[in-house]
Amino acid sequence: MGVKDNTLSRRDFLKFSGGLLASSFMLDLDSDLGFLVPSAEAAAKPEKGEKKLYGECGICSMGCAYIAYVQNGRIVRLEGNPKDQIAEGKLCVKGYSSLNILYDPDRLKYPMKRTNPQKGIGVDPKWVKITWDEAIGMVAKKFKEVIAKDGPQAIVIFARGKPHLKHFAKSIGTPNLIIHNSACDVTHDIAWESMVTGEGKGRPFTGDYENSRYILSFGWDGPGKSKNKWGRAINNALEKGAKLVVFDPRLSITASKAHEWIPIKPGTDLAVLLAMIRTIINENLFDQEFISNYTTGFNELKVRVQQYTPEWAEKISDVPAGKIVRIAREFATTKPAVVASHKRDAGGPLYSNSFRTAQCFIIMNTLVGSIDRPGGRILDRKPKLPKEDEFVKYPEYPKGVKERIDGMEKYPLTKKGNFSTVAQGILSKKPYPVKAALIWKYNLPSFPNRLRLEEALKTLDFIAVSDIYPTELTELADVVLPEGTFFEGKGLKERKFHAMYPQMALVEGIKPLYDTKGFKDVLYSILEKMGLKEYVPDKEALKAFSKAKDEALGTTKEEIRSNGGIWTGDKTFKPKTEFGTPSKKIELSPSLLKEKGFDPLPYWIEPKVMPNKEYPYRLIIYRTPWQRMMKTQNIPVLMEIYPENTVTIHSKEAEKLNIKEGDYIWVESTTGKIKVKAHLSEGIRPDCVAIDHGFGHRGKGMTVAFGKGSNEGDLVPDMTIGEMLKNPDPAANSMWNEVVLKIYKA
Amino acid sequence: MVAKSEPLFSGIRGFLLALTLVGLVVAVIRLIAGLGATTNLNSGYPWGIWVFFDLFLIPFSAGAFTISAVVHIFNQKQYKPLLRPVVLAGLLGYSLTLWFLLLDLGRPDLFYNVFIYLNPRSFMFEVAWCLSLYTGVLVLEFLPAYAEKYNRKGLQRGLTTFGIVILSAGILLSTMHQSSLGGLFLLMPGRIHPLWSSDLLALFFLVSSVAGGLSMIILISAWAFRAFKHHLDYRMFSGIARASVWVLGFYFIMKIVDLMGRHTFGRVFEGSIQSVLFLIEMTIGILLPLIMFASQGVRESKSGLIWAAIFVSFGLALNRTNIAFYGFDPIRVATYSPYWMEWIATLGGVAGAILIFYLIARYFPILLVPEAEEFAEARGASFTAVAITLLAIGIILEGTNPLWSGYGVWIFVAGLSFLIASLEIGAGKKMMKGLQNAKNNN
Amino acid sequence: MQNNINYRSRDSSEITYLRAFAYRTLAHCFIYPSKSWISELPGWLNTLSSILEDFGPSTEAVVKTVEEIRKEKYSLQTLQIEYTRLFINGAPSVLAPPYASAYSEERWFYGPPAIRALHTYQKAGLAFSPKSREMPDYLLVELEFMIHLCQNEMKVGKSYGEASDIREEQHCFLTEQLMPWVSVWRGYVETSDRAGFYAKLAALINEWLKTDAVYLENTGERSIA
Amino acid sequence: MKKSLLIDISKCLACYSCTVACKSANGVTKGSFRTFVHPYESGAYPNVRINYAKHFCKHCKEPACVAACPVQALYKTEEGSVEYNNKKCIGCRYCMYACPFSVPLFDWHKSQIEKPLIQKCDFCAHRVDGGKGLACAQACPYGAIMEGELDKMLEEARSRIQNRPDFYIDHIYGEKEVGGTSVLYLSSRPFGEVALADVGAKPVATRSETSMAGMLPGVTILALFLAGIRWVSHRREELSKGKEE
């Protein structure tokens, strides 16, 4: 640029010619600099003032739509989008502080590969920055090698069950897509699918709690997890005079707002529910009209529950029979009433009987006519959009091995993978050896007994990890594929999990800060590099698909933008009269379970473990409002509020053990032990201790999170598939709370 | 003056010097690293040993204004030999106080803001200004020794002329800040144990400071004269002892009446730690020395006087610590015990003060100068004029301009000082003469 | 040294060109190591050292560092590992991110220094190239900006008023934006670099910035006079 | 217009959105907070309650901290807020003692170079994130914090109590406390349980101000008294001298 004609003195010229080729004399900026380009516009109109940018918060599955205010290319603050039915103009503590993730210096910035053959947590992988081409080439090459030598099943993919991931796994021919559902909501999933929505259709998260008059919670703590729509809903419902009753061994935040907190014995919610169902049926308090019009299997259910008297339940659960009967009556006679539920409540993957508990939640809601009715649990109301497979066609997928490394092919209903059994599957090399893994945004502490998985992953030849942060898992990776944050993506997002009516949120995104790539693109690039072009969607087809979507919505992004970033469909609520089951009714005695050889009706199952002399306490895992799983611990402000997790112990028990507030104590199970800070409280059952999730990162790359608190998952046993099968649970849940403990001063 | 044969920093003085230096180093660390890193201060106890120490040091140093009042206002000339050592001790006490305050400030770099942005409603403002002004006054009061040593005639003349004004200002400022110190605690009624939390705190602080000052006169003189191996006639303290009886008695009765008036007398015997401490304070700190000073035997015994004075000082220290710490309900749940750095800085400061006292006493005419501080007389008329002017300016500033009212206070106090100085014998005489002349002329 | 640049006798646009070239070379030395980069490195360093040599006794340290770098041989992989570890992501964590914001009060990237830099670029009529994925306070962007300013100075040539304005601009950006954080950053690099190359390079960049600031100060006075 | 906040403790779900929003809106540095939510447990198992209350500056009508501050670093504005001038503050921490609500906090963790300050809510007088209004109220997802004019907020509080008389304690904390504050609290549990103590209706500042007001007259009387004594004592000396002569 512009300096070619500047001549140099002779002496200089001699000097330079000794050093460089003449062509280098030019101050050529384009080859490796060229960040700045002359622009008359920039000088005339330097960026000032604020720009609005719409987006969707990616911290949790609520997906609140936000408005970001941008100054000088930097987001300075976030607000909830008032037009969004989920955000209602607000975000939560994690959402507000999520800018810290976007601008976190610790983020993964470029693709990297390992140069140190030695692998382990805390061992320097000696990263080397590579280009995306190289990175994807490495993954593709390795995968091809593995497929050629050991077959596609030797590749395990750990990732969320997005359609493109399922597609990727099928395209390369591996059955091993390990989704986290066994640790998340698998029990609810299967209960809903078999009873209401139909196989493979999933489950709703939505609840019209705001309009409920009687809300029952069995371990559900939505408001206490910063699910801010639910917090508002409960506050509003209470203001309107609703009654809230919470069964929970721990005085959760929801329980703190409840009219009644019943410290039930952990793992016995099922007994109370069965007795309640019996009471409601025998006293004819159920919604006759709803039951006769929209359900099947009522009589079988009636017969089944006769054995479960309130007195029987009292003995098991510590809840007085009179209380059970009273609450059952109140629940059935105050309309609308609802059993609130989300993921890791008593019906979640916590206990051996959780699947049956989840089933009872649905039965309770059905008995009072609260399935897809105002004030009840609401089925999804997504916008009617064309499906991708209508536009993008793929050839038939290769037929591979059916057996999965986590043994889940033995479970006819859940095909999503199992966090509890995968490690032992890999280690035992049964039914086949595994050689490579592709992992997307899962971290070791998300698994029960992470040490076993660490051991298993170390036996693999090749691991590729895609994440935002250098988590402890990335320390085991051979290739790191950095992903952008939710601030850096673009598109239109469905309001899915908590929507009462169809809505779409516009996601605009800022210019990515680093050389990151979305995982979907990464997957397609890998396929392409592997020579599986036929499984990469055609660009034209995708364009047509996106156009069809716009047409279906009857609007454009620009229009949505000018309307405040949200597209809203028909708001009127039309209760469903048909459901997804084969009978199109809510099946109280589901045919699907019968068909797959399971008992269709709920029955009492003892919790797997009971406190004993050596291990006198039960573990309760809970989640704080200010942390989201293992995602938000590198946010300085959140760690300032609450620098490490604690174990909540009943004050009297602590006194016995001479433990004081703030003491560090050992919490030990048969699987492992962790050191945690003690918090004394009267708000917990004396035979339980509660630990909150989200701490104990071992990855030093996350400088804020590293070394703070402990991971309670280290106490939870993983299992072989054989052990898992011993538990009569069609959902194969991970049983996070089936742990007994001893505690002692550190 | 003083035997100069002794080595300067040997034995105990060497130790003091070492302690002073270590204290200084710690203080410098504190002034760089900040309060959190170098102290155990916390949000429950934002003030610590430095402030507690100041709370004791200030009334203890009240000896300086007490002795000036005794000598020059009450005209008890026999105490003149004690004037300089006690004033010097007072000066060092106040300097040390200011040093500790500086260490304790969160933003020592901005200390001067106290003199720029004024809030006359604040007791802290009053204390800060009084402390600074009074320390200045004490320097002036000490200057005669300097002027004598270096034979500065001009300065001497000035000092004899304005000496009485300076001294009066010192007394007024002392009264003000001694009571303001108690006033500081008026803003925290709920936090101080009812045994101490009285509306009369300011008055209590003032009266107890006079008692403390009287005892300090005894202690400092005894120590100073002994340190330099001079003879001191202890019988001269009997007047101070008698005065102490009155002051302590008044203080004691006031305390009892106050407790009765607030219906908290019963709590004296409630058995809590605070009540025990209160009892110790009242018995060992007030009653015991009161009885001792009242008995002639003690008054004539050297050790008796010293012990009684020690008890008074102890009572004073205990009283201030009780109010600020033991009887204080922390702002948040917290505990406080000084960090080693706080101790070192404190001890270093005290050691430094003792050392400086020794050095000054060694090189300046401090001890055994019975003829010190004779003030010139007969400036009555001009002083009266100045007094009236200053008082007027002070009132105008105070009344009209809120921005300047903070300065008005001090101008007013200066006016009062001149007023005290003007009302003197000479002036009276002159006035009489003037009147007679006028009559005669008529 | 005998062959120091004599500010008074030398053509100022020539000096500016050399300065631009120094910035260009330093920036080039800082890009991520590749095969071609490492094979060209001795040439670049030779040139750099001969330019720097001209800038008087205050650059003695600079020249020494250049010599040191030149003498030592570094394997490509070592340099890549160190680069990644120091400036991108490393174990245990990124040690010396080359962004000004990393050394401001808050821990965030794209902090006030980035915004300040962006404003300066915009004022100088520069915008971010749409293909670049960097933040405004990235070391290379800031060095590139200095080159742009040098080029501007060459363009206006000898019209002293304008040239001195641009010099003022350079001096300002150098002392207020670049130097404060580079001096801190250099400390981090020096304590953490295991290979030694980047420690020296960082020291070199830091030294050069200081030298250039002194030069700009001197000539600034001259041009005013 | 008098700014005001109404805090409904019964609606607080301890999420700390207010704390986080306050910090980023006001650029509060690491380790310092201007508002914080505390849990308060009361009762014994199984009849336990936990309540969560946000604590921050109440912006008193007659603020003790303003009376206490020797350098006017704390001052009351027309809108009713008590603001802080960090350029004047000398860090004496008397405000921490004076505040009846234990609000001001000092940056203990900061070195002298980092310029420690007093941290206290100033009703978002100096927002750095470009936003307007009160950050905590805007952030609160649960309607536990409401921003508005003082009279309107009092009205709102009264109507809430009226609508749910069995639920709320019939008292608006802050309406009369220490002479009235700009921050009002509603609660379904006794205020003592959430560390909103009974501080009385009298402003704390008046106690010290009464005492302060007595200072100058007191000193004047003292001065006259001293002058008198001096005159008498010297006169006596002169007389005795005269006798000797």
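1. Helix H7 of chain A covers residues 186-197, twelve in number, yet its end C-alpha atoms are only 14 Å apart; a straight helix at 1.5 Å a residue would reach 16 Å. This and every point below refers to a predicted model.

2. Is H7(A) enclosed or open? Twelve of its twelve residues are buried, so the helix is largely enclosed by the rest of the structure. Directly after H7(A) comes Gly198(A), with a positive phi of about 100°.

3. Chain A also holds an open sheet of seven strands with mixed pairing, in the order E6-E5-E16-E15-E14-E7-E8. Its edge strands are E6 (127-129) and E8 (177-178), each of which pairs on one side only.

4. Within this part of chain A, strand E15 (residues 462-467) and strand E16 (residues 479-482) run parallel and are joined by four bridges. Val465(A) stands opposite Val480(A) of E16(A). As background, strands of a sheet pair through backbone hydrogen bonds, in parallel or antiparallel fashion.

5. Which helices pack on the strands? Helix H6 (residues 163-172) of chain A packs on the sheet and touches E7, E8 and E14; its direction makes about 180° with that of E7(A). Helix H5 (residues 132-150) of chain A lies across strand E5 (112-114), strand E7 (155-158), strand E14 (436-440), E15 and E16, and runs at about 130° to E16(A).

6. Turning to the chains, some pairs have no contact. Chain A and chain B do not touch, and their nearest C-alpha atoms are 13 Å apart. Chain B and chain C are likewise without contact, with their closest C-alpha atoms 17 Å apart.

7. Chain A and chain D bury about 3000 Å² between them, and 55% of that area is on carbon and sulfur atoms. The rule finds two salt bridges across this interface. One salt bridge joins the side chains of Glu239(A) and Lys11(D), at 2.4 Å from N to O.

8. Between chain D and chain B the buried area is about 5900 Å², with carbon and sulfur atoms giving 61% of it. The contact draws on 59 residues of chain D and 71 residues of chain B. Here the rule finds one salt bridge. The side chains of Arg93(D) and Asp104(B) meet in a salt bridge at 2.9 Å, N to O.

9. Where is Asn113(B) placed? This residue is in the loop between helix H5 (80-104) and helix H6 (123-150) of chain B. Asn113(B) counts as buried because its relative accessibility is 3%, and the cut-off for buried is under 20%. Apart from neighbours within four places in sequence, Asn113(B) is in contact with Val71(D), Lys87(D), Lys88(D), Cys89(D) and Ile90(D).

Conventions: Residues are numbered from 1 along each chain as its sequence is written. Chains are lettered from A and ligands numbered from 1 in the order in which they are written. This is a predicted model: local features need pLDDT of at least 70, side-chain atom pairs count only at pLDDT 80 or more; totals for chains, interfaces and linings use all residues. Side-chain values use heavy atoms; hydrogens and water are left out. Helices (H or I, at least four residues) and strands (E, at least two) are DSSP runs, numbered from the N terminus. The expected span of a helix is 1.5 Å times one less than its number of residues. Buried means under 20% relative accessible area, exposed over 50%, partly exposed in between (1.4 Å probe, protein chains only). Two strands pair if DSSP finds at least two bridges between them. Contact means heavy atoms within 4.5 Å. Axes are lines fitted to C-alpha atoms, for helices over the stretch in contact, and angles run from 0 to 180 degrees between N-to-C directions. Buried area is the accessible area (1.4 Å probe) that two parts lose on being put together, summed over both. A salt bridge is a side-chain nitrogen of Lys or Arg within 4 Å of a carboxyl oxygen of Asp or Glu.
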